[in-house]
Amino acid sequence: MTTTSAQDTPAGELPLQQLDRVVIRFAGDSGDGMQVTGNQFTRTSALFGNDLATLPDFPAEIRAPIGTRPGVSGFQLQFSATHIHTPGDEPDVLVAMNPAALMVNIGSLKKGGVLVVNTDAFRSTDLRKAKCDTNPLTDGSLDGFRVIEVDINTRVKEALADSPLSSRDKLRCKNFYTLGLMYWVYSRPLEPTLEWLEEKFKSKPDLVEANQIALRAGYNAGDIRELFQGNYEVPKAKLPQGTYRNIIGNQALAIGLVAGARLAGVKLVYCSYPITPASSVLEFLASYKNHGVVTVQSEDEIAAICGAIGASFSGALGMTGTSGPGMALKGEAMGLAIATELPLVIVNVQRAGPSTGMPTKVEQSDLLSSIFGRNGDAPMPVVAISRPSDAFALAIDACRIAVQFMTPVILLSDNFIANGAEPWSLPDLDALEPFPVEFTTEASEGFQSYGRDAKLARPWVKPGTPGMEFRIGGLEKDPDSNISYDSDNHQMMTDIRHQKVRNVADTIPTPEIDGPASGKLLIVGWGSTIGILTQAVINLRKDGHDVSRMHLTHVWPLPHGLDEIFSKFDAVLVPEMNVGQMTRLLRSEVPDHEYIPYNKVTGHPFRVSEIEAEYVRALNELGEA
Amino acid sequence: MTDIAQPARTKKDFVSDQEVRWCPGCGDYAILSAMQKFMADTGADPAKTVFVSGIGCSSRFPYYMNTYGFHTIHGRAPAIATGVKVANPELDVWIVTGDGDSLSIGGNHLAHILRRNLDVNILLFNNEIYGLTKGQYSPTSPVGTRKKSTPMGSVDRPFEPVQFALGAQATFVARTIDQDQKHMTKVLHAAAAHKGTSFIEILQNCVIFNKDFYSANVDKKVRPDRTVDLSPGEPLVYGADRDKGLRFSGFEVERCTADEADVWQSSTRSPAPAVLMSGMREDAEMPVPIGIFRDVEATVYETAVNAQVEDAIATKGAGELKDLVHDGEIWTVD
C-alpha cells in the first residue's frame, strides 16, 4: 500500500498531467450527499466541455442505518476528452467516506487505482457498523491501491470554525470539502458549484457560506498539502458540432412526452402512481404545468392507467408511467385500451424483478411481458429508449404511433437510463414533424365507430361532439361498436388488431449497421446497453476485429429488413440484461439464424470488457465450428 | 345561439338502439326509465353527457343511454371517470356501478373519488348480491347469507354503502329505491344540482338471485311505515298517517311522535347526524332512511387541477417547447 497522509509536508510545484479520460466513483452513507456531489462534478465537467456518462447507484432505503453497508450510496461518472459511451467499467478513483462505502466498492476499483478515504470515519464504532473485523487501512487489504488518507471531518470543522452553524450542520458540509479536493485533482473550475450553492440555499445564507468555504478548503488542501502527486487535466472533448446540455433520462423522456402531445395537437394528461425509478417522470411533468400539462397522482397503479384511458376517451392524450410491479397491475386496463382502440402511452422504467426485486437496480426483463403479457390476444407496439439523449425522440415517436394507429404504446426505459446523465445535442425543434390529430366530428356516409383507415386505425370521436354519441367498452364489438359474440366477427376483430400493430413496422426505419454489412458475427442490442456495446465495438476494432453492431429501438413490431441483414452474418450475438428475452423474440420472429444469447442480471450494466470477451469467445467458437 | 333553436328533447331521445338485456322484472329497468326521463326533463345534452360503468349487471347501463358511454373494467369506473373529467371538465359524467363493482373490487377507487370530490354523479345499484356471476354473496349481503359460495352462510360483516361514502368524506350522499320513481327523480335532481361527487345508493331488486330481499321495507304497502325520507329542512316524520317521528338523543336516534320530530339538516358541519341515521338499518324497530343524508360544498377536484394549469400559464407565461429543451446550462461545440 502506498499511503500519502495529510501529515506529509508540502512540497514545491507539481506537474500538471493530461489524461484522456477518468472514471471516478463517490461513495458514502446515503445521508452523506454523494448524489449531490456526483451531480455537481457531472455538471461542472459538462460545462467545462468534457463528454461524460454517469451511473448513480443508491439503495432503495432512504436512510438505512448510518454507517452500514446497505446504506451505501454511490455515484460513478466517466468524463473524457474524447467521445465516450459508458460510465466506465472500473473506477480509476474511489472516494470512500466511511468503511462501509470502502468495503462495498473496493472490489470494483481498478488495480493500482486511487482510493481517497475519510480517516475520521474509521473509528472502532464505524468499523463495527460496517462489519469490519480489522481496520482495512492498516490490515494490508488495500495493498496494490494508492491510498490517500484525509481527515475530512477534522479539516471541515477547522475550516468552518467561525461559522454560526451547529457542529452537526458543519459536518454535513464534508461532501463539498471532498468535492473541492477532487476539483483540484482534476483541475475543475469552482464557479459552477459556488453559484449553484447560492441558488440552492438562497434563503439560508449561512449554509451557502459554509458549503462554499468547505468547497474552497478542499480545493486548497489539494493545492497546498501534496496529498496527490500532482494534478490532472482532462481537456475538452471534441464532441460533434452542436448545442448541448446535460440531461438525465427521465427528464428527457418527460420533455419528449410534452413534445409528443404538442406535435399531436392534443392536451397531455399524465396519471401516475409514484414508483422507483419512474416517479421523477411524474415530478418533471408536474413542474411543466405552464405547458398545459395536466398531472394526476392517482391512488394506485390501476387508477393511474384508467385515468389516462379516460383522458384519451375525452380527447386528450392520456399517459401513465411506472416500473415492473406497476406494469403487472396495469395489465387488465392495457387490454381495455387495446379493445377500445384508444391512444395511450405507458412508460415502463424497468428495474430488477421479479416482484419488488431490486427497485434501484437495472434490468431489461420486462421485454416479453410488455409485448405479450396480457390476457387474450392483445397486441401493442413497444418502443425501447436506449440512452438519455434519445429519450426525447423516442417519447415523441411513441406518441406518434399512439395517435396515428389509435393504440396504446409501451415506452420502455430502465433504471440506468432514467437516472443516468449525458450531454444531449439539442434537436432542431423546427424540424420536428407534427402529426396533428384529426377528430371525427361528422358521420359521413357509411361511418362506423370501428371503421378503418388505410393503416387500420379507427376514427377518434370525442364526447362533446353532437350527433356522434356512441358507447365503447371491453366487450368484443362489431364495427358499429355494438356488442358482438359472433364468432366470425371476433376472428375478424382479432386479426385487425394484430395487423394494425404489425402495420406500425411500415412507419419505422430499419436500423443502420455500425460496421460492415456482412461478416461472421453481428452484435444486436436493444435498450440501455447501447453505450457499452458501442464502446466494446470501438475497443474490439482497435484490437483488429472487424465488428458489426446494430441496435433496436422499436422492439414490437420489429422493423422490416432484419431477416436480410442477419442473413449476411454467420451468427447474431444478443447481449441483454435478462435471461434471453430478445433472443427468444428474434428466434421466433426472424427464424433460421444462429443466435448467441449473452445474458447478465446482476442489477448492474454490462462491463465493456465483458462484451469484448464474449465477442471474442463467440467468434472463436464460430471459427471452430 | 343554436341551443335555443333546438326542440325540447323527450325521453325517447335518450333511448339507444340497443336491445336491453336485463332479466325480466329486474329493478334496473325502472332506474333506466327514470334516468331517461330525468335527462329529457332537465334538458340534458346527450353530446355532453357520458355514462361510465365498471362490470356487473348494472354496468350494462351505458349501452342503453343514447349519450356517450364507456363500459370499462371491474371496479375502475371512478378511475376512468377521473381521467374523463380532468381532460374535459365540461362533460356531465354519471357513473353506474353495483355493490360488488364499487365496494369490493373497486373499493379503493370509490373511496378516492369521493375524497377528491370530482364533479360526477355515482349511482350504486345495491341488490346485496352478485348477479352477473350467478348469485354469490356480496360485500353488502347480511351475515349468514347462504349462497353457492357460502353454503353455511357468509361470516363477514357487510358494508353500509352510505357509511362508506360518509367515511370517505363524500360531499353528497343519498339513498333511494328502484320502485319509487318519484323519490328517485327528486334525489337525481338534488344530485345533479350538487357540485362535486354525488353518491346515490339505489336499493335495487335482483329477481333471480336475491328476489325481494328488501320487500319488508320497501313494498308499497309497508314503505310509509318502514322508511323515512331525509328531506333537508323538513321534519323527520314518517308513517302512513304521518304520525311517527325521529329525534336525536345524545348519540342515538330515537322514535317519537310527529310533533316531537327533529328537522333534518343535510349540511351540518359534522357528518355525525348522517352517520347516526345511516346506522339505523341494523335496528328492525327503526325505519330505513332514504333521501339526502349529506349535501355540503367542497373544492371540486378537476376544477382545482385545471386551475393550477391556468395559474401556471398566467404567472410563467404559456410555455414553449424550446423553454424545456433549452433549459439549464447550455454550451456550444463548433
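Guide: The conversation below sets computed values against the definitions of the terms.

Guide: This is a predicted model, in which local features need pLDDT of at least 70, side-chain atom pairs count only at pLDDT 80 or more, and totals for chains, interfaces and linings use all residues. Residues are numbered from 1 along each chain as its sequence is written, while chains are lettered from A and ligands numbered from 1 in the order in which they are written.

Visitor: What makes strand 4 of chain A largely enclosed by the rest of the structure?

Guide: A residue is buried if 20 or more other C-beta atoms, placed from the backbone, lie within 10 Å of its own. In strand 4 (residues 51–57) of chain A, 7 of the 7 residues are buried, so the strand is largely enclosed. Strands are DSSP runs of E with at least two residues, and helices are runs of H or I with at least four, numbered from the N terminus.

Visitor: Which residues cover the two faces of strand 4 of chain A?

Guide: Asp51(A), Ala53(A), Leu55(A) and Asp57(A) are buried on one side, and Leu52(A), Thr54(A) and Pro56(A) on the other. In a regular strand, side chains alternate between the two faces of the sheet.

Visitor: Why are strand 4 and strand 5 of chain A said to pair?

Guide: Pairing requires that DSSP find at least two bridges between two strands. Strand 4 and strand 5 (residues 72–80) of chain A are joined by 7 bridges and run antiparallel, so they pair. Asp51(A) stands opposite Ser80(A) in strand 5.

Visitor: Which strand of chain B is joined to strand 10 of chain A?

Guide: Strand 14 (residues 330–333) of chain B is joined to strand 10 of chain A by 4 bridges, in antiparallel fashion. Tyr244(A) stands opposite Trp331(B) there.

How values were computed: Buried ≥ 20, exposed ≤ 12 C-beta atoms within 10 Å, placed from the backbone.
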